[in-house]
Amino acid sequence: MRKRTLLSMAMVATMALATFTGCGGSREGASTTDTAADTATQTEEAASSESTSSLTGFEEGATIGVSLPWLGTQNWKEAEEMFTAQLEEAGYKPLVQAADNKVTQQQQQIESMIENGAKVIVVGPVDGSQLGSVLEQAKEAGVYVIGYDRLLENTTGVDGVVQFGSVKTGELQAEALLQGLEEKKGEAPYNIELFGGGPADPNAPNFFKGAMSVLQPKIDDGTLVVVSGQTDFTQCATVDWDNAKAQSRMDSLISGFYSDKEIDGVLSPNDGIARAIITSCENAGQEIPVVSGLDAENESVEWVWSGRQYSTVAKPTQDLVAKTIEIIDSLQAGNGMPATDVTANNGVIDVNIYELPPVVVTKDNAKSVFAGDPSRLELLK
Ligand code: BGC
């Protein structure tokens with residue numbers, strides 16, 4: 001009872017703060033404007049979502065579910081290993097599963113985590129908007145739901161999302177592309193092509209949006225020429241983040257538009273797709289273009305170091321996992337979700353975002369970015 005009163009007081013204080021700050025910060029993925037009415041709605045919803053969950057914490061040693069979308073890129077494999085080891089170390093019983101990019105498989109895995117008595121379920125969705133009812137089911141059962149790396153869309157069944165700024169990530173990718181073009185490809189104009197990530201992943205349109213906010217003015221003033229003319233996200237997206245699909249699109253772009261031209265640069269949304277693009281260019285006898293990336297995957301860190309890939313963006317899995325476990329600890333102790341001043345509208349509610357900063361990596365700054373990451377530092381030889 002006492003805890004409940006203290007908590008409501010804390011909530012009132014948080015609400016006051018939220019109203020005072022206008023829930024500031026970036027609103028990535030947001031589709032509404034930040035008005036007082038929005039803020040009020042969010043506050044009511046936050047309150048009601050708190051009240052459906054246990055406010056008194058839960059037992060040490062509780063089951064914690066972690067549902068990952070797939071294990072196709074290094075960051076998700078790292079997340080699987082780190083959650084398993086570190087949740088156990090923190091005294092919980094981890095139930096970590098990956099869904100092979102299949103929505104139904106992920107829904108079933110989450111259902112079984114609820115049945116297994118998970119107190120918190122951490123979710124990196126295959127498709128941001130397809131988990132609404134199973135997550136609402138989790139909330140009704142008193143389970144906390146934390147989005148991991150990707151936004152959980154169109155559902156009230158979410159308590160918060162831990163992620164790296166996704167619009168910011170796209171901006172960094174595009175800025176690195178421009179910088180690389182100036183450094184490596186002489187005078188403008190530069191011939192470029194654009195790639196996006198998997199359309200079901202809420203990050204992918206945000207990465208693209210951030211990148212286009214930097215590139216569009218340069219396309220408009222003639223510095224950049226998208227020779228294929230394909231500049232819409234839907235034309236550039238890579239279904240399921242599948243590297244092979246990206247490689248075959250790059251093959252077609254080269255044969256269709258570059259038989260008599262050099263391609264100077266390519267916007268790539270992550271490292272796997274960057275390597276597929278570079279391989280396609282090499283196979284076609286093109287000089288390697290300037291290519292961006294994301295994830296600081298080991299292989300791409302080596303390619304950045306050797307000059308084969310121009311840049312990547314580091315979003316350390318260890319930081320994301322540590323932040324998530326910090327939130328789980330707060331919930332376990334009965335302290336609820338920590339305060340944050342960043343929110344994003346998920347189509348239904350404004351969701352609290354626990355946002356970490358992504359960092360661009362080129363050959364020039366790689367040693368300093370990875371100074372605290374011995375396994376990546378090791379690759380810079
Ligand atoms: C993650 C990236 C990853 C991509 C494909 C995105 O949501 O943020 O780190 O490369 O999914 O797995």
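On a 1 Å grid over the protein atoms alone, a cavity is a set of points where a 1.4 Å probe fits but cannot get out, while a pocket is an open set with protein on both sides within 12 Å along at least five of seven lines; residues with an atom within 4 Å of a point count as lining. Grid points are joined across faces, edges and corners, and the space filled by probe spheres set on the points gives a volume. The model is predicted, so local features need pLDDT of at least 70 and side-chain atom pairs count only at pLDDT 80 or more, whereas totals for chains, interfaces and linings use all residues. Residues are numbered from 1 along each chain as its sequence is written, and side-chain values use heavy atoms, with hydrogens and water left out.

The structure holds 3 cavities of 30 Å³ or more. A volume of about 110 Å³ belongs to the largest cavity. It is lined by 14 residues, of which Asn75, Trp76, Arg150, Trp241 and Asp295 are the closest to its centre. Two or more residues of this lining come from each of α3 and α7; helices (H or I, at least four residues) and strands (E, at least two) are DSSP runs, numbered from the N terminus. The lining of the largest cavity has 5 nonpolar, 4 polar and 5 charged residues, where Ala, Val, Leu, Ile, Met, Phe, Trp, Tyr, Cys and Pro count as nonpolar, Asp, Glu, Lys and Arg as charged, and the others, Gly among them, as polar. Domain 2 (59-158 + 319-355) and domain 3 (166-315 + 362-377) each give this cavity at least three lining residues, with domain bounds taken from an automatic or database domain assignment.

The second largest pocket has a volume of about 240 Å³. Ala314, Lys315, Pro316, Asp319 and Val369 are the closest to its centre among the 19 residues that line this pocket. Both α3 (74-89) and α12 (317-332) supply at least two lining residues, and the largest share, 3 residues, comes from α12. By class, 9 nonpolar, 4 polar and 6 charged residues form the lining of the second largest pocket. Here too, domain 2 and domain 3 each contribute at least three residues to the lining.

Two helix pairs can be followed next. Axes are lines fitted to C-alpha atoms, for helices over the stretch in contact, and angles run from 0 to 180 degrees between N-to-C directions. The axes of α6 (residues 166-184) and α7 (residues 203-220) come within 7 Å and cross at roughly 40°. That angle makes α6 oblique to α7; angles under 35 degrees count as roughly parallel, over 145 as roughly antiparallel, 65 to 115 as roughly perpendicular and the rest as oblique. Helices α10 (residues 271-283) and α11 (residues 298-306) pack at about 50°, with axes 9 Å apart, and α10 is therefore oblique to α11. The crossing of α10 and α11 is left-handed, and that of α6 and α7 is right-handed; left-handed means that the near helix is turned anticlockwise from the far one by less than a right angle, and right-handed that it is turned clockwise.

Two backbone details complete the picture. Most residues other than glycine have a negative phi, and most peptide bonds are trans. The bond from Ala188 to Pro189 is cis, with omega near 5°, and Pro189 sits in the loop between α6 and β6 (190-194). Asn154, in the loop between β4 (144-148) and β5 (160-164), has a positive phi, near 50°.
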